[in-house]
Amino acid sequence: MLDIFDRIGRDSGGPIGQYAAQGFGYYMYPKLEGELGPHMVFNGKEVLNWSLNNYLGLANHPEVRKADAEGAAKWGLAYPMGSRMLSGHTALHEKLEKMFADFEKKEDAFLFNFGYQGIVSAIDTLTARHDVIVYDAEAHACLLDGIRLHTGASYKFKHNNIQDCERVLARACKLADEQGGGVLLITEGVFGMTGALGILDKIAALKSKYNFRILVDDAHGFGLLGEHGRGTSEQLGCMDAIDLYIGAFAKSMASIGGFIAGPKTIINFLRLNMRSQMYAKSLPMPLVYGNIKRLEIIMSKEGDERRKKCWEITHAIQEGFKKLGFDIGEAEACVTPIHIDGGGIAQATKIAKDLRENYRVFCSMVVYPVIPKGMIIFRIVSTASHTMEDVEYTLNAFKEIKEKLDAGVYDGDDIAAMTIE
């Protein structure tokens, strides 16, 4: 009989793990030190950091830091102890849920103790074996993991392709009708690696022809998109058509957790059946207390100003990359991917090393399986804490990077082996 540990020991480490010997601590699991913000320390040097999902700059907002500290001092990290259903429910949890429901113009909302596992568990809870799931081919890993738990049929459609979406949806509705089930369509508001907006408005329009429900993971849109920061569905004018709206706290909120908002009967069903919330600890009180302050800022005039600043930075850097001749793909949100094609991972590691060591610019290098095979990007995340000087400096650095790239400076199969002066 095979020993599981022997099998794992002989494994190459997977798509990313196979490069662990050369990249651990540098390209993967890097240590960014110092105060969270645009300027941090990496590998002993100060770098201009474009790798924090701190869109609105709330991580170090003085009122947020004060609320976090007050929450920890008053309750400690243990309170409340237990799952929401048994002993971890409080008036402040209820207050935050009502705030989210009102903000998203839904009947009710339910907090997640952690965004990723909450999304996985929500999908698992919502769908029965006769139901059919339809989903975007580039859906986030948390959505895919939830779909994997589904014991019935699931069909994916080509990324942001409404024609293929309708084709797959028609097939799913036919099967669901035959089986006596329903159809749940799952997509994202913003695709976090490419910055592309989901085609929510186009999908919503298909409700006039087909009977299905829509679940949207808007982790990168909540608090940032739309006139009031209500997310991608507000931006695209289809809030009422989105049946279940999921927001995560790890992005614009600069925190931990998440929520799902929708009809009261459905949210109550999730409260009573979501395994990730029934069998795991409630969101700790300091996080609930601090998230109330974060949401108050997002809903305020200051929130409007911070959104405006983040978009100014985003538009400036995206236009700059385009003028330099870089391919930024479908980017419309505050994530900007710089596509590096042709040279593979070895080439990309050399670019990353040059950026970090010589230009002092830190941005994440992203490869498969986070993005589709054959694609390599450098991911720029704009925040309200960045400045136009940061944008100008970064564009000048990438201008020189492109000149070196075109001259073949980064060619070769060795992973960041050459010394770049």
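Visitor: What should I know about the model before we start?

Guide: It is a predicted model, in which local features need pLDDT of at least 70 and side-chain atom pairs count only at pLDDT 80 or more, while totals for chains, interfaces and linings use all residues. Residues are numbered from 1 along each chain as its sequence is written, and side-chain values use heavy atoms, with hydrogens and water left out.

Visitor: Let's begin with helices. At what angle do H4 and H13 pack?

Guide: Helices (H or I, at least four residues) and strands (E, at least two) are DSSP runs, numbered from the N terminus. Axes are lines fitted to C-alpha atoms, for helices over the stretch in contact, and angles run from 0 to 180 degrees between N-to-C directions. Here helix H4 (residues 62–75) packs against helix H13 (residues 285–298) at about 155°, and their axes are 8 Å apart. Angles under 35 degrees count as roughly parallel, over 145 as roughly antiparallel, 65 to 115 as roughly perpendicular and the rest as oblique. H4 and H13 are therefore roughly antiparallel to each other.

Visitor: Is the crossing of H4 and H13 left-handed or right-handed?

Guide: A crossing is left-handed if the near helix is turned anticlockwise from the far one by less than a right angle, and right-handed if clockwise. For H4 and H13 the crossing is right-handed.

Visitor: Which residues of H4 and H13 meet?

Guide: Contact means heavy atoms within 4.5 Å. On the H4 side you will find Glu-63, Val-64, Ala-67, Asp-68, Glu-70, Gly-71, Ala-72 and Trp-75, and they meet Met-285, Pro-286, Tyr-289, Gly-290, Lys-293, Arg-294 and Ile-297 in H13. By class, this contact of H4 with H13 has eight nonpolar, two polar and five charged residues. For the classes, Ala, Val, Leu, Ile, Met, Phe, Trp, Tyr, Cys and Pro count as nonpolar, Asp, Glu, Lys and Arg as charged, and the others, Gly among them, as polar.

Visitor: How do H6 and H7 cross?

Guide: The axes of helix H6 (residues 115–126) and helix H7 (residues 141–148) cross at roughly 35° and come within 8 Å. This crossing of H6 and H7 is right-handed. H6 contributes Tyr-116, Ile-119, Val-120 and Ile-123, and H7 contributes Ala-141, Cys-142, Leu-143, Asp-145, Gly-146 and Ile-147. The contact of H6 with H7 has eight nonpolar, one polar and one charged residues by class.

Visitor: Now the rings. What describes a pair of aromatic rings?

Guide: Such a pair is described by the distance of the centres and the angle of the planes. Rings of Phe, Tyr and Trp (its six-membered ring) pair if their centres lie within 6.5 Å; planes under 30 degrees apart count as stacked, over 60 as edge-to-face and the rest as tilted. By this rule the count comes to 15 aromatic pairs. Take Phe-100 and Phe-249: their ring centres are 5.3 Å apart and their planes are at 15°, so the pair is stacked. It links distant parts of the chain, with Phe-100 in helix H5 (residues 91–103) and Phe-249 in the loop between strand E9 (244–248) and strand E10 (258–262), 149 residues apart.

Visitor: Is Phe-100 buried or exposed?

Guide: Buried means under 20% relative accessible area, exposed over 50%, partly exposed in between (1.4 Å probe, protein chains only). Phe-100 has a relative accessible area of 0% and so is buried, and Phe-249 is buried at 0% too. Another pair, Tyr-245 and Phe-259, is tilted, at 6.1 Å centre to centre and 40° between the planes. Tyr-245 is in strand E9 and Phe-259 in strand E10, 14 residues apart. Tyr-245 counts as buried at 1%, and Phe-259 is buried at 0%. Ring pairs link Phe-100, Phe-103, Phe-222, Tyr-245, Phe-249 and Phe-259 into a cluster.
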